[in-house]
Amino acid sequence: MENTSVTMVAYISSSWPSSAVVTHNSTKSSSFSSYSRNKQNPEPFLAARTRKTRLGPQPCRSLSMLLWNSRKNNDQGQATSSKIIKLDPVTSPQEHLDQMTSAADVSVLEVTASYCKACQAAQPKLETMAQMYEKHNVVVYQLDFESNKEFCKDVLHLEALPYFVVYARGFGAVDQFSCGWEKMNSKLGGAVQNAYQMVNGKKA
């Protein structure tokens, strides 16, 4: 029995980092040692599960793949040509609404400002998402807050920057919120998905 315990400890030491080896009494079983190692060093097991379920269930397969690709491309730092359309100052709220609901099935408006650090952080991800959404008739617009303060406060009821408004053809503005780059795939992507399904359901 004593020889078996020595062999087991030697195997663990050669297979795991020294910080993961658990000092235990020779009467403990190998299954207990394995449990202790996993408990002290769970990262490899947790990471594997996280990678498989990081996006969660998605109802629309095509747009879900775009969300995955936009996250992957952004994480890898792939350069993309800009697909974001910068708008001129809004002179008429009704004309603005007509433009947002007639140019594409779904339009995304981002209100931004040159001094906004959160807007700058969100820009690369928004660029990638705009390019990936283009083939699905989803257009992304950008509006400068400083040039449209009255419109943003009185009409959009802007709360914080960056601020997003999602428009659907035939429905008008269907969602609006503020969010940083960390939640763009889930929050903005989910809003675009819902608007996309609303328009395509109406067409059907």
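This report describes the nonpolar cores and a surface patch of a predicted model.

**Nonpolar cores**

The largest nonpolar core has 22 residues, of which Phe164, Met184 and Leu188 touch the most other members.

Helix H8 provides the largest share of the core, seven residues. Beyond four places in sequence, Phe164 touches Val108, Leu109, Glu110, Leu126, Asp175, Gln176, Phe177, Cys179, Met184 and Leu188. Another core, of 20 residues, lies apart from the largest one; Leu109, Cys116, Cys152 and Tyr167 are among its members. In soluble globular proteins, nonpolar side chains tend to be buried together.

**Ala122 in helix H6**

Ala122 is part of helix H6. Its relative accessibility is 0%, and Ala122 therefore counts as buried, the cut-off being under 20%. When neighbours within four places in sequence are set aside, Ala122 is in contact with Trp181 and Met184. The C-alpha atom of Ala122 is also 6.4 Å from that of Gly180, although 58 residues separate the two along the chain.

**Surface patch**

A nonpolar patch on the surface is formed by Phe171, Val174 and Met198, which together have about 220 Å² of accessible area. Met198 belongs to helix H8. Because its relative accessible area is 32%, Met198 is classed as partly exposed.

Key. Residues numbered from 1 in each chain as written. Predicted model: local features only at pLDDT ≥ 70, side-chain atom pairs only at ≥ 80, totals over all residues. Heavy atoms only, no water. Core = buried A, V, L, I, M, F, W, Y, C linked by side-chain atoms within 4.5 Å. Buried < 20%, exposed > 50% of the residue type's maximum accessible area, 1.4 Å probe, protein only. Helix = DSSP H or I, 4+ residues; strand = E, 2+ residues; numbered from the N terminus. Contact = heavy atoms within 4.5 Å. Patch = residues over 30% accessible without salt bridge, like charges linked within 9 Å, V, L, I, M, F, W, Y side chains within 5 Å. Areas by Shrake-Rupley, 256 points an atom, 1.4 Å probe, with all protein chains shown as cover. Salt bridge = Lys/Arg side-chain N within 4 Å of Asp/Glu carboxyl O.
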